[in-house]
Structure formats: C-alpha cells, structure tokens
Amino acid sequence: MGIGIRIENLRKVYDTPPPMAARGMGFSFGPGPKKDKTKKKLEVVALDGVSMEIGAGGIFGLLGPNGAGKSTTIGIITTRTRPTSGRAFVGEHDVWAHQAAVKRLIGVVPQRPNLDFALTAREILVFHGAYFGQGAKERIRRADELLEKFKLTDRADHMIRGFSGGMMQRLSIARAMMHDPEVLFLDEPSAGLDPQTRLLLWETIREYNQKGKTIVLTTHYMDEADTLCENLAIIDHGKVIAQGTPQELKASIPGGYLLRLRFDHAANGLIDGLKSLPGVTEVRAGEADKADVYADRGGPLIGPIVAMVQGAGAELSDVHIIEPSLETLFLHHTGRSLRD
Amino acid sequence: MNWKTFFAMLSRDGHVARRNLIPTLLQNLLQPLLLTFVFGRVLTSSGMMSNSYKNILLPGIMALSMTLSGVWAVAMPLISEFQFTKEIEDRLLAPMETSWLAVEKVVAGMIQALVSGLVVIPAAWITLGHGVDLSQWHPAQFAATCLLMALFSAAGGLWMGVSVGQTQIGLMFSMVLTPMMMFGCAYYPWSALSAFPVLKYAVLINPLVYASEGMRGSLVPLVPHMPAVVTVGALLLIDIAVLTVGIRKFNHKAVS
C-alpha cells in the first residue's frame, strides 16, 4: 500500500546559456549555439545535487525559505520541470521516461492556483475526472462530494474568476483529490490562508494520509512542518542541509535553546567568557557585537550572561530566547532565520 | 497514447467554444461580411469594379477568415494559459504526453476554423448577391484545401500562442497578420502581381497565397489560379513544418 518517491542527485540550473545545453545533453530545443560570446546569460542554480527518499504512506515535509528550491523539487517530481541532471522516481516509474504513468499516480496542489479559468468550479472537477478516464456518473458524484467537503457547493456553478484566494486554494485541493491519487503534492498549501482554513487543511491532509496515501508538502512555516510531518528535509540554496523526523532534527541542535545576544560594542574575551558559562554548549560569534549562544537552558542563563558581559566591560543591548524548535535548527545550519 | 484523455480535452474545448459561441461567431463573421459587402457589393454595384470580381473575392475571403479564426482560436487561449498562473498546467497534469496536448489544441483549432470557414461561405454568398458562379467547383479539391488550410491556421496559432506574450498581441497583429492578409492574394489573384516581379515571388513565402489560390482553383476554376498540385503540395509542406515547430516550442515552453 502506498507509493514512495526517490530522487537521485537532482540538479536544476535555470536559463542555461547554450554551450552546455546544446552540446548534446538532450535539451537542444533552443535556437542553438549562436552569439555565445556576445551575451552571458544569468545562471540560477535552483537545485544542487538533491537526493532523498520519501517513504510510502507518510507525510513528508520540505522545509526551507523562499527560493530554497522547494518548488523546483516538487516541479521535477511532478513532471512540470525538466531537471538539468539527476533522476526522480515515483514508485517504480522514472518521472521523465514514464510521464503519463506518473501523472496518473500524483495529484498536485500548486503554489499559485492554476485552475481552468474558462470553466465553473463544478466543471473544473468534472472535466478533471474525465481527463483521468472516470465514467460520467462517477465523476459527477465525486465532484459533488468534493464540492461539499470543501464548502464550495453554493458557488459550484459560478465561473471561478470571482473566487477569493482561499476558495481557489480549496478548489485546487479538491481537483488534486478528484482522481484519488496515490501521492498528493502540496506546494505551500497554507500560504495566505486564514487560521481556520489552515486547520481545515491540516485535517484534510491527515484524513487523506490515513487512507494510505503519501503526502508531500512544502512549507516555510515551522509549526506546520512540526505538527503535520512525520519526516522532514530542510533545504536551502538548492541543497539538503538536514533530514529526519522532527524529533530527531530538534534533538540534533546542540543544547536546544538558542539565545541571540547583542552588545553595545564588541569587547575582548566576551566570546570565551560566554563559552565558559554553565550549560552553554556552543557559542557562535556573528558580527563583532553579536553572538548566538546554544545552551541547555534559556531564562536561567540570563543572569550569569549579564554579569559576565558587564565584567568584560560591555553592555547587553538585546536578548532573544528561542526555544528548541525547527526554527533553531534552521538557524543552526544556515545562520539565517527562515523568514530572512 | 491515452485517447480517453485526448477526447476529454477536446470535449472541454468544445464546451468552452459553445459557451462563447455568439462572441466567437461575431468575431469571425463580422470582418469577412463587411469586407464582402464593401468590396463585393459597393464597389461592384457602383461600377468601380466589374461584376466578375466577386468570383475572385469570395474564395479569398473564405481563405482569409478560416486562417484568422484558426489562429485566433488556438493562439489567444494559449497566450493566456501560459500567463503567470500557468493555467495550462491544469491540462499538463492529465495523464497524457505533453506533445499530445499540443496536438489536441491543433485539432480543436482546426474544427473551429472549419466551422467558421463553412459559416462564412453562405453568409458571404448571400451578401454578394447574385454573380458568383460556383457551377464548376471541385468538391474533393475543395475539401482537401479546406482541411490543409485549417491545419495550417491551427498549427500557426499554436506557434504564435507559445511565441508571443500577452503584451505583444498588438504587435503580432500588425507585424505578422496584417502583411499576411494584404499579401495573401485574398483580394486579388496571384497573377495580378505580374506587374511587381519582386513582390510576385516574395509573397510565395506567405501560406495564405496558396490557401487563397487553392480556394479559387477549387471553387471558381474559371478565374486565374495556381495549379492544384502547387497549392496542395505547398500547403502540405507548410503544415508539416509549422506543426513541427509549434509542437517543439510548445514542449519547450510547457516544461520549464
């Protein structure tokens, strides 16, 4: 039961200038190698050797800031993006070699709703069912069920132009579930949703997962990854920087608590002094007047820190305590906050 | 190949076309009807053109309106579906190879081009009043020319739809379609260009020339026209070329 996903060493470079692409890498659709030297195009490395295994029947989260490569990864597994190199498998099927077979197994909720604007909500679902070979009765029944489930019945026969963002998002999810796919991809599903709709979304995702389906979602919300996902991969700048269950990942942070400190000016011996405090496992000096302290406690450490800083001849100007969370983990690995 | 998906998409396009039937008909009919009225009725009745000009005009107008409606039917939806939201993915995620979606768009466009071409015939004929002599037409040649023309227009629409952005639609019209219409021998037979030797051979790159001349040869064979072998052969070659390029470009644009 359930379908797993495996990706091997995926690389994706956008806007590759002709030299490499045209020299027989298999992507010679462009105008060919002309005017190479006159203009050097911008190269954006979106994915840089990503490999991972997504277990069958689980909820897997791809976590990372904007531009990390989450959507590109999803795009490649869902046949919408051509990888520069590397391979991806959905179940037994190579995504590039057996596109139609893969498309049959997957349902995709994209980041921006790509619904068919020429149709009404009900028609979108019914035609989607038809594309997947469902019989007339079956697709009408399923469309009605899903419209009801996502509270769209009263707008079912309206053109979707006038729909709000939340309604389009719900309809996108309904469409992705219409053909009962084995793997459901959701690209930033809760971006822009109100808290209530978000809870409904989580419930829907869990419910679908309980039917033995694999769920893959991307998010930049830590709490979403934490509560929903059984397994996580954190990616940044096109590379996987950590992988595991949320518990494992959180446990891997030295100390657990993070205290971000800022001083009025840099002082000698400050960092070494901080390192010697009880319970401190690691100190990272950022710019001269900043330090990140990883420790096994948060609040109780403030007193000793203040005393130590004053002893070194400086003043503490800001303290921020972050409890053990995936946010801390992300900071630990990248030195940046998720929202940066 | 997954024919169920293919036909489901055709029926989707049919459904959308039926919903927009009146505006589409107006868009496809108004221009040819006004053209036939002004050129075929006003100019001939006032004696500025001879009555036989109607025989030259009708096939040209048909070729023109079929070509335009096919290009329009495929290119305009494609341009908007490839917009920012990538609406096209709604169909790209269906279990079918990407190229077949392009083929489906072309088939749907062909049907629309044929329908509007066939609607224009009686409408234009009525507008022209008496004076068009269709007694010697060649049904088989007419059917072949219509099919090849419809294929050209839909495949051309595919090509344009994936090459042109929303902001360049006006430019496409004035830079590509207008010269094509004017130098497509729709309003005059190709032989009328004999006074302009360079132009006479330059227009041969224009597919509409073969469409107009082919229609003349099959509907009113008494007026001057190119031989059927030339028109059918040229249209066939152009169809293959345009379709190949269109599908290639579509594949390239559909998958980033």
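I7 of chain A stands opposite A88 of chain A, which belongs to strand β4. Keep in mind throughout that this is a predicted model.

Four strands of chain A form an open sheet, and the order across it is β2-β1-β4-β5, with antiparallel pairing. Which strands are at the edges? They are β2, residues 44-54, and β5, residues 93-94, both of chain A, and each of them pairs on one side only. A helix packs on this sheet as well: α2 of chain A, residues 70-77, touches β1, β2 and β4 of chain A. The direction of α2 makes about 115 degrees with that of β1.

T79(A) is not a glycine, yet its phi is positive, about 70 degrees. Is T79(A) buried or exposed? T79(A) counts as buried, because it has 24 C-beta neighbours inside 10 Å, and the cut-off for buried is 20 or more.

K151 of chain A can be set beside it. K151(A) is also a residue other than glycine with a positive phi, near 55 degrees. Its place is in the loop between α5, residues 136-149, and α6, residues 165-178, of chain A. Here the count is 12 other C-beta atoms within 10 Å, so K151(A) is exposed; the cut-off for exposed is 12 or fewer.

Stepping back to the whole chain. Chain A has 12 helices and 14 strands. Its C-alpha trace spans about 80 × 55 × 40 Å along the principal axes. Of the 340 residues in chain A, 41% are buried. Counting contacts in chain A with a separation of 6 or more, 72% are between residues 24 or more positions apart.

Last, the contact between the chains. How many residues does each chain give? Chain A gives 22 residues and chain B gives 22 residues. On the side of chain A that touches chain B, the elements giving two or more residues are α3, residues 99-105, and α4, residues 121-131. The most comes from α3(A), with 4 residues. By type, that side of chain A divides into 12 nonpolar, 4 polar and 6 charged residues.

Methods:
Residues are numbered from 1 along each chain as its sequence is written. Chains are lettered from A and ligands numbered from 1 in the order in which they are written. This is a predicted model: local features need pLDDT of at least 70, side-chain atom pairs count only at pLDDT 80 or more; totals for chains, interfaces and linings use all residues. Two strands pair if DSSP finds at least two bridges between them. Two residues are in contact if their C-beta atoms, placed from the backbone, lie within 7 Å. Axes are lines fitted to C-alpha atoms, for helices over the stretch in contact, and angles run from 0 to 180 degrees between N-to-C directions. Ala, Val, Leu, Ile, Met, Phe, Trp, Tyr, Cys and Pro count as nonpolar, Asp, Glu, Lys and Arg as charged, and the others, Gly among them, as polar.
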